[in-house]
Amino acid sequence: MSEHTHKTKPADDPSFRLPASLGNLAIPLAIGGAVLLVVGVLIGLMAGPGEGIGPQRFTMSAYLVAFTYCFSISLGCLFFVLIQHLCRAGWSVVVRRVAEILMLAIPALAILFLPILFASWSSQGVLYAWGYEGYAESHGVPGEIWTEKVRYLSSDWFTVRSIVYLVLLSGLAVYYFKLSRRQDETGEVTLTERMQARSGPAVMVFSLVTTFAAFDWLMSLAPMWFSTMFGVYIFAGSILAAHCAIAMVTYLLQAKGAIREEVTVEHYHDLGKFMFGFVTFWTYISFSQFLLIWYGNIPEETHWFYTRLQGPWESISYGLIFFHWLFPFLGLLSRHVRRRPTLVFAWAIYLLLMHFIDIYWIVMPEVGPSLGGAGGVLATLLLTSGMIGLYAGGILWYTRVNQVRVLAVRDPRLPESLAFENI
Amino acid sequence: MSLAIPQGLDNTVERPGERAPLVLGDSTYHTITESVSQIAERPPSAAWLIGFLISATLASWFGICIAYLIYTGVGVWGNMNPVFWGWPIVNFVFWVGIGHAGTLISAILYLFRQDWRTSINRAAEAMTIFAVICAGTFPGIHVGRAWLAFWLAPYPSLNLWMWPQFRSPLLWDVFAVSTYGTVSLLFWYMGMIPDLATFRDRSRNKWRRMAYGILALGWSGSSRHWMRYEKAYALLAALAAPLVLSVHTIVSFDFAVSQVPGWHTTIFPPYFVAGAIFSGFAMVLTLMIPARSIFSLEKLITVRHLENMCKIILATGTIVGLAYGTEFFIAWYGQVAEEKFAFINRALGPYWWAYWTMITCNVISPQLFWIKANRTIPWRIVVISIFVNIGMWFERFVIVITSLSRDYLPSAWGYFRPTWVDWSMLVGSFGLFFTLFLLFCRFMPVINMAEVKATLAGQLHHHHGDH
Amino acid sequence: MTDKQDKKLHGTYAEFDAVDTLLAACARVRDAGYTKTDAFTPFPVHGIDKALGIKPTRLPWIALICGATGTCIAVAMQVWMNTINYPYIISGKPFFSMPAFIPVSFELTILLASFGAFFGMLVLNGLPKFSNPIFTDPRFDRATDDKFFLYIDAADDRYDRAGVTKFLEELGGGYTQDVYDDDSSTSSPKAIWVVLGSVIFLSMIPLLLVARMRVTTSSQPRFHVFFDMDFSPAKDAQMTSSLFADGRAMRTDVPGTVAIGQFDEDLDFYTGIDFDALTRREPVRAAHLVRAIADEESDDAETAATDESIETADEPTDAAAEPEAAEPEVTGAPEVEDDTPWLEKNPLPITMAVLERGRMQFDIYCATCHGNNGRGAGLVHRRAQRILAGAWVQPSSLHQDTLYADVYPDGKMFSTISNGIRKMAGYSSQINARDRWAVVAYVRALQASQNATLDDLPVDKRDEIRKLQAEVKQRLEEQAEAERLKAEQAAAEKAEAEAEAEAEAANGEAQAAESSD
């Protein structure tokens, strides 16, 4: 039977390395990204909407969108790696290294988090409105409530917490990456066992950090709003984006000549199924969150959605229903689509775009009722593409310099993954 | 030969790269047929008879209580202002939750290609259906005039000249639970068709052969039939997976769309689903471990199966714990006075005992599953899973009773006390559940023989091919 | 084998022990060109579809179509029932609430798609099929246990019995068998039909009874299974109850109950009396009044009858609150001097909003009797006249000299509204104090309006009123003219008709005379 026809190639086969054509893009992408980022910031500061700190606030929020977008992909990839170990998954070994490389961007992104941290110290409320000293008075929040709120939403605390989140996530990412790479050289089975044994507590740490990071970094943009589901919502978007990114990167690697025989249509089929599943999961979570708040109709909560149903945000809100759910849902419904790598690749790119819209829709309405005019939109796009350029360039650069293989060549479950077939 | 089937029954160690066997001993296709069929073919054992007698008595008592309730009115319950949703709704949510493991095992684990589901899915699906029957009873009699419960159906009434309100979450519940019951029944029955055919073909008695023959619908095992059957099974699994999530989500909507403090929180849908899976698996373990030893099924329901279920309990229990924590945190973070009070009242108010029972059983006791011995020694698993069942009943108690007994109007505050009818119905519903389950064990194939044989075939094939 | 020859041959099968040999055999059979083949296995064998050349099924499409039908039915049903046919406000949600319609739409989608998958599978597989010639051989029973069977149908073009048997044996089939028509009785045992029939019949009985009951009428009183549900023990107002010592079903407020906002204002505001003046002039009466007001809530019949102090306190209250009880036009008794120091001035600031509020309350509560213009000809009065109600006294016109502010202070009017007068009941329980003052203000405005001249109006409005007056006058004139014309025409018509009738009568007489000839 077909399961035994796959023979593993030697571990130093060139097709397990990053193709040169991609590696050469690293420096241009990173430099181009940095330039775009700077240009985006400048345009945002000059052409951003509003008076006083308005343009600063707009630019910082756009920066947060860009940061969150890249960060959420890596975060989702970290979860992907952890859950594969937790479930002792066999099918995913051939694509797990791609996720591992993507998740390794977390420590690097921690540096790009610094501007957000600085912004949180502003007493003007640049980025986080709770930092503004006069917030309670200007928004009619009773004093006793506000005193309690700023116990949590204070810049000192925020800084401490953010550092804890980033250190924990970076620690997990680096630990799992290091062990997995060591296995490339030594092939120790005990490494897999160790990673499996620690994946349980690691997932617990991950879910706590994700929940609270989502509350701190995104939910607190609207200081008085709260939703217990918010962490799950952010997680749903991240894990979807991660599967899309894995499918997209794997396809690109194959297109450039790497891991051609190892990743088969069966793996794309599975990634496609997961993309379909997580599109549904995202819809389930976001619809439940909306329905409960809409039905309960309590002013403390509804204002978040109310803001997003005004002006241009309204069309984006409705757009999310159709383009983040209905369209990809119908598109990925068929097995025939999921078994065509090119189509899976196309849908992955599409969904990554929608993930950006989702993050944009979470962050930007808190800045103001408009999209920020042509200058604002341009600044947002430049910032995001700059950040993506930096992100992709950095990842490629690291992979090329450190000669990271794009396949976990000595994973004990690799034969199972190579032989994998969908029923 | 790298994948040896050990002679013992310990298959809990799995070295990466080698899959541990799921069918143990020197099992062949025929021994699988034998060990499952003999349960239904031999005369009932004394243990079965005693168990059946006890549970049938309790089930009859349940029936008597229902008749008494319908004749007298819902006042025989402890439901009283302000706790209008007393134990009936607690029991309803509890049983619906129990009913989640079956379809989860059949559908979601199927989609995730978890082969170990094959030994336990049949019994778990049966439990799903029986739990849904128990669950459906409670809102049915809670409506007061139970004989008019058909008014919930959107039928063109010549008397009422009105339609049900689809904007009410209680009607969503009717649709969700009845759809879930129907689809689970289809799923269960469809899965049984090949095994019923096995029973039919083994019958030497004419009547028995006829009865199983009718149930098996003339199944012949044709490959064309199998192909469509497997497709239908995969489709039903793909449909049942979101369905099973939707059911407890909608049950959580019953609470969460309202404005009652402690109920209106957005985490409810995923948290209820996790809790349902948690309690469902605990109930499966509670019943499967005794059944496995009574019917000598240790080679098919192996320790590995039990261990995997324990791990799922651990995972979902931890999710539930995280949800409790998040709720508490947001109650403080949100700074809404009523919400804050509701949560402090849960932990420190008059029902503190229920709250801490819940925390102990649901969050702390599953943590014992971190230790391997607790996941592999059957009696310990039973003890812990019974704790989980108790804890999950108390979770619903805490949600329903503490929030209602302390609503927005302090002058309406009260303390809920159950009556003997409440107690009888809780115990009686267990009687009904066990009665149905014991009948199922006696007359139906308790293990999905066809799928276990397929698992064995895969195992043999691997074993064979590695030479 | 002779008996088998006159029966129809369906095909031949061979038995295999293992999956691998079966799969190899299937591939060989397929490669040999057989198309009408099948394998019978106890469990689904991976890879057999390819080995036998089985085409994929259409089942997913069936499920998809059924699911989409479910969605459409659910959405259409909910929109029809809750938005169009029976719009009813619930939870403050719009009639068309898509978010609230989603759960049920989802459930019905799943339900119908599941039906599609399950029943589609049965239909495509031709199940249920209780009679199958292949089951004739008892050895075939192991197809659901541990053996694998490969079958070649006789309808296959390449089928030839001896050749096929040999071929199957070559492939490793340990046991081969031909399938002939099953000659055992195809009729089902009678017992099944008897049981089935009686179950159906018995289950119909309650339904038939219900159906019969629904279409027949009976002179017998209805049988009440749940008596207390049909006849609720809840009490109506003024009913007796054995539950309480005083025998009354209605309960009074607990002594000392204070309604929200009851003491937001001072006593003057709630009574219309200037208490400072009253205390100066008649301290005893003032003290009684205060006590009476404080005890008003606990003032039920029993305590009032036994408690001397309250009874004595009641007297001045009545005198103060209803001084009009002795008004001449009703009793004819000599006028008692009303020396109560009524508030002269409305305590509310007179703004447009207060007057609008007063008008609203007046139109709701007062106008039914007093008429919208306050002339005492409201709807109730007109109805009373039409039905010739003998005991009816016409409500007072509010436009009498005796009711103007100079002789009838605002406070007194307030008290009248609150406590009633003659046949008019008190309105303090329906209209709150603030609104009663607003009504007083509005009545003053009404009175002013009935005696106003153009000079009372703001300058910029005068022209408008003049125009209106002219219009009304003209319209009245036109109406009068029309009336007159109509009357004239009617008179003319009547005359004409009379003349005609006369002529006809004469004509008729003439005819009668003719026919009688």
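The radius of gyration is taken over C-alpha atoms, and the globule rule is 2.2 Å times the number of residues to the power 0.38. The model used in these exercises is predicted.

**Exercise 1. Overall form of chain B**

Task: Which radius of gyration would a compact globule of 467 residues have, and what does chain B have?

Solution. 
- Step 1. Apply the rule to 467 residues: a compact globule comes out near 23 Å.
- Step 2. Compare. Chain B has 23 Å, so chain B agrees with the rule.
- Step 3. Along the principal axes, the C-alpha atoms of chain B fill a box of roughly 75 × 55 × 40 Å.
- Step 4. Chain B has 16 helices and zero strands.
- Step 5. Check burial and contact range. Of the 467 residues, 64% count as buried. Take the contacts in chain B between residues at least 6 apart in sequence: 81% of them join residues at least 24 apart.

**Exercise 2. The interface of chain B and chain C**

Task: Find how many residues of each chain are in contact, and what area is buried between them.

Solution. 
- Step 1. Count residues. Chain B contributes 66 and chain C contributes 72.
- Step 2. Take the area. About 6200 Å² is buried between the two chains, and carbon and sulfur atoms give 68% of that.
- Step 3. Find the top contributors. B:Trp163, B:Phe166 and B:Arg167 supply 13% of the area that chain B buries against chain C, more than any other three residues.
- Step 4. Count polar links. There are 25 residue pairs in polar contact between the chains, both residues being at pLDDT 80 or more.
- Step 5. Assign helices. Several helices of chain B each supply at least two residues to the side touching chain C, among them α1 (29–41), α2 (46–72) and α6 (169–202). The largest share comes from α8(B), with 17 residues.
- Step 6. Sort that side by type. It divides into 37 nonpolar, 18 polar and 11 charged residues.
- Step 7. Look for salt bridges. The rule finds two across this interface. In one salt bridge, C:Asp38 pairs with B:Arg224, with the closest N and O atoms 4.0 Å apart.

**Exercise 3. B:Ser246**

Task: Decide whether B:Ser246 is buried or exposed, and list what lies around it.

Solution. 
- Step 1. B:Ser246 sits in helix α8 of chain B.
- Step 2. Apply the cut-off. Buried means under 20% relative accessible area. B:Ser246 has 8% relative accessibility, so it counts as buried.
- Step 3. Check its side chain. A polar atom there lies 2.8 Å from the backbone oxygen of B:Leu243.
- Step 4. Look across the chains. Leaving aside neighbours within four places in sequence, B:Ser246 is in contact with C:Phe106 and C:Glu107.

Conventions. Residues numbered from 1 in each chain as written. Chains lettered and ligands numbered in written order. Predicted model: local features only at pLDDT ≥ 70, side-chain atom pairs only at ≥ 80, totals over all residues. Heavy atoms only, no water. Contact = heavy atoms within 4.5 Å. Buried area = accessible area lost by both parts, 1.4 Å probe. Salt bridge = Lys/Arg side-chain N within 4 Å of Asp/Glu carboxyl O. Polar contact = N/O pair within 3.5 Å; in protein donor to acceptor, adjacent residues only side chain to side chain. Helix = DSSP H or I, 4+ residues; strand = E, 2+ residues; numbered from the N terminus. Nonpolar A, V, L, I, M, F, W, Y, C, P; charged D, E, K, R; others polar. Buried < 20%, exposed > 50% of the residue type's maximum accessible area, 1.4 Å probe, protein only.
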